[in-house]
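Here is a friendly walk through a few side-chain contacts. Have the model open as you read.

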Amino acid sequence: MKEQGKNIRLVHNPAAGDDSNGDKDELCQLIEDLGHNCTVVTKKDAVKKIDPQTDIIALAGGDGTIRMTIMGLLEKKLRFKRPIAILPQGTANNIAISLGIPLDCEKAIGLWRNALLKKFDVGMVIGLEKKPLYFIESIGFGVFPTLIKKMDKKKTEDLSAEDEIKTALRQLRKLVETFPATTLRLTVAGNNYEKECILVEIMNIPSIGPRLVLAADADPGDGQFDIIIVTVDQRQELISYIDGLLNGTNVEFKIIPIRTNRLAMEWEGKEIHIDDERKSYFGQQLKLTLLHGIVEIITGNKYDTISANDNGSKNVLF
């Protein structure tokens with residue numbers, strides 16, 4: 001018996017990635033050719049008026065599209081919660097790569113047949129603004145907010161995704177060479193740390209930015225952050241890692257993360273980033289915790305997952 005197709009809400013961001021991505025009509029046709037029903041909405045309408053019959057919210061875009069959709073679900077108290085499927089069309093596609101999702105859209109759609117769901121954590125930070133803020137990739141101080149600012153000023157519209165990544169890596173290397181160290185105060189599990197650092201990243205997934213795999217073993221569904229600290233004495237280790245990425249060699253970032261599900265920190269710098277957004281910072285103490293497993297994403301086979309078609313599981317959603 002032929003498997004019944006799923007009802008797909010396709011969220012399409014035409015600005016993501018480069019010109020090699022398919023338009024919304026091509027993607028919708030591909031989804032329907034593979035046996036599903038497809039309705040297309042724009043990125044800004046991702047979680048508006050979701051049909052109760054919707055089985056999957058499919059996101060055709062990059063990491064920013066995924067973040068906006070998850071933040072929209074949080075704002076609506078998850079009452080429109082559905083499994084999220086990713087059709088990677090961004091520049092770096094860190095979230096998709098972290099979850100083992102193919103960058104080829106047809107292969108990514110093929111994952112929907114078994115619909116293996118990966119629980120995905122969301123980070124929460126208190127103390128930066130009056131209300132809590134949330135992140136799905138990372139939050140950090142030091143060189144990375146400056147990289148975001150530099151790249152925002154560059155004209156990259158005509159670059160391919162790979163060329164844009166290389167441009168960002170070259171800019172990052174230049175910054176790391178001379179970036180001034182700043183004092184970090186960190187409290188984890190009752191232990192206090194004070195270090196002079198050029199980079200601090202609290203990671204929910206293994207990679208950030210131009211595919212920097214800073215926490216290779218990070219699992220976005222395990223209820224743990226991976227804290228990466230690069231001290232002034234470790235500057236050359238970060239430079240060597242960036243050089244390896246630029247040269248296309250198989251290189252690993254060797255600084256071991258601190259793992260925890262909550263922490264408090266202070267930084268003597270003036271900027272912080274939350275995912276790909278820069279924020280002003282004035283030295284206040286920040287407290288970070290995790291909202292564990294509140295979103296579910298259809299993945300490849302990298303992680304232990306549950307099948308949405310397994311009738312013995314309490315996590316069956318369609």
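The notes below cover the basis of the model, one aspartate and the aromatic pairs.

## Basis

This is a predicted model, in which local features need pLDDT of at least 70 and side-chain atom pairs count only at pLDDT 80 or more, while totals for chains, interfaces and linings use all residues. Residues are numbered from 1 along each chain as its sequence is written, and side-chain values use heavy atoms, with hydrogens and water left out.

## Asp 219

Let's start in the loop between strand E11 (212-213) and strand E12 (225-231), where Asp 219 is found. Strands are DSSP runs of at least two residues and helices of at least four, numbered from the N terminus. Asp 219 is buried at 18% relative accessible area (buried means under 20%, with a 1.4 Å probe and protein chains only).

Its side chain makes a polar contact of 2.6 Å with that of Lys 118. Such a contact is a pair of N or O atoms within 3.5 Å, one able to donate a hydrogen and the other to accept it; residues adjacent in sequence count only if both atoms are side-chain atoms. A polar atom of the Asp 219 side chain also lies 2.9 Å from the backbone nitrogen of Gly 221.

## Aromatic pairs

The structure holds four aromatic pairs (ring centres within 6.5 Å, using the six-membered ring of Trp; planes under 30 degrees apart are stacked, over 60 edge-to-face, the rest tilted). One of them, Phe 141 with Tyr 281, is tilted, at 5.0 Å centre to centre and 55° between the planes. These two residues are 140 apart in the chain, with Phe 141 in strand E7 (residues 138-142). Phe 141 is buried at 0%, as is Tyr 281 at 1%. Together with Trp 267, they form one aromatic cluster.

How values were computed. Buried < 20%, exposed > 50% of the residue type's maximum accessible area, 1.4 Å probe, protein only.
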